[in-house]
Amino acid sequence: MASSPSWLQSFVSPSLIALSKRLRAHGLPLINVLNDIITKDKLRSPVQVGDDDTSCSSESLPSLEEVEKIIGYNFKNQSLLQQAFTHQSYQQKCESYERLEFVGDSVLNLLITQQQFYMYPDLPPGMLSPLRSANVDTEKLARVAIKYDLLKYLRHNNRKLSQQVRGFLKALPKYPLHSYGLIDPPKVLADIVESTIGAVYIDSNSSMDITWEVVKDLLEPMITPEMIQENPVKKLQEMCQKQRLKVRFKDIWLKKGTFEVYIDDQLRGKGEYRAKKEIALNRAANDAYNDIAGSFCVNDETEK
């Protein structure tokens, strides 16, 4: 059997090469990563079903037809969709979504980069980068999975997942659009969004246009430059610098799962989250910022 061109080679087109040059000139490193992947081309075929995988590939999953309706795309290769919703904990004979997630992550970043590059022609790279991140990070994609109830289609044997999702759901009402590091989204939720995007990209013969039609609907509402907020730690530090205040973070996370924030040697904020140190730090900074902002009658609108 003659060897077929790499599935990644179709990713390269004259228009994409031209875009790559323009984006590289603006300091967007994602293109270099993708070009390196294409050059090395060490990826095997995205879906390989051997004799041992027969029971997995022939398994009937009618509920996945609902996923096609949700994303507005009908798969030619149903095994790709099946793979996109198979967690590594399910069973060894079934290939998990991890490879498709890898593809989806890269494609999604490039699609959002391209969209923002043309939509905001005057926005510098220093603003484009956090804007892209806010639209493709784990929390944003986990919210997409929750919005469309994608978890119910996932085949898995992860007993802790339901508990993690319940905790995430409980925290969402307080932050309708994005928490910017104050809540802990289950990564699996973001993974299945990326794996679905990767599956669409592969199934559509690497069509960026078709994949974009799926992505732009899934990610609504998009976060715009006017909506984006700074990381709580950076926001606190900038305000303290402006007010000439001394800020100090006390790390007691290993002992108590908390951080304390002292402003001019006075305790002004505290944050707790035992599962992840970064979130405890962000919560402490946010707590201190709200306290100090109230004291000095400072808010984001007056900090222009």
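Let's start with strand 2 (residues 258-263) and strand 3 (residues 266-272), which run antiparallel and are joined by six bridges. Strands here are DSSP runs marked E of at least two residues, helices are H or I runs of at least four, and both are numbered from the N terminus. Two strands pair if DSSP finds at least two bridges between them. Look at Glu 260: its bridge partner in strand 3 is Lys 270. The two strands make a hairpin with two residues between them, and Asp 264 in the turn has a positive phi of about 50°.

A word on the model: it is predicted, so local features need pLDDT of at least 70, side-chain atom pairs count only at pLDDT 80 or more, and totals for chains, interfaces and linings use all residues. Residues are numbered from 1 along each chain as its sequence is written, and side-chain values use heavy atoms, leaving out hydrogens and water.

Now for the insides. A nonpolar core is a set of buried Ala, Val, Leu, Ile, Met, Phe, Trp, Tyr and Cys residues joined through side-chain atoms within 4.5 Å, where buried means under 20% relative accessible area (1.4 Å probe, protein chains only). The largest one has 50 residues, and Ile 71 and Phe 75 are among those with the most contacts inside it. Its largest share, ten residues, comes from helix 10. Ile 71 touches Thr 196, Val 200, Val 214 and Leu 218, leaving aside residues up to four places away in sequence; touching, or contact, means heavy atoms within 4.5 Å. Apart from this core lies another, of 16 residues, including Val 233 and Ile 292.

Val 233 in helix 12 and Ile 292 in helix 14 also belong to the contact between those helices.
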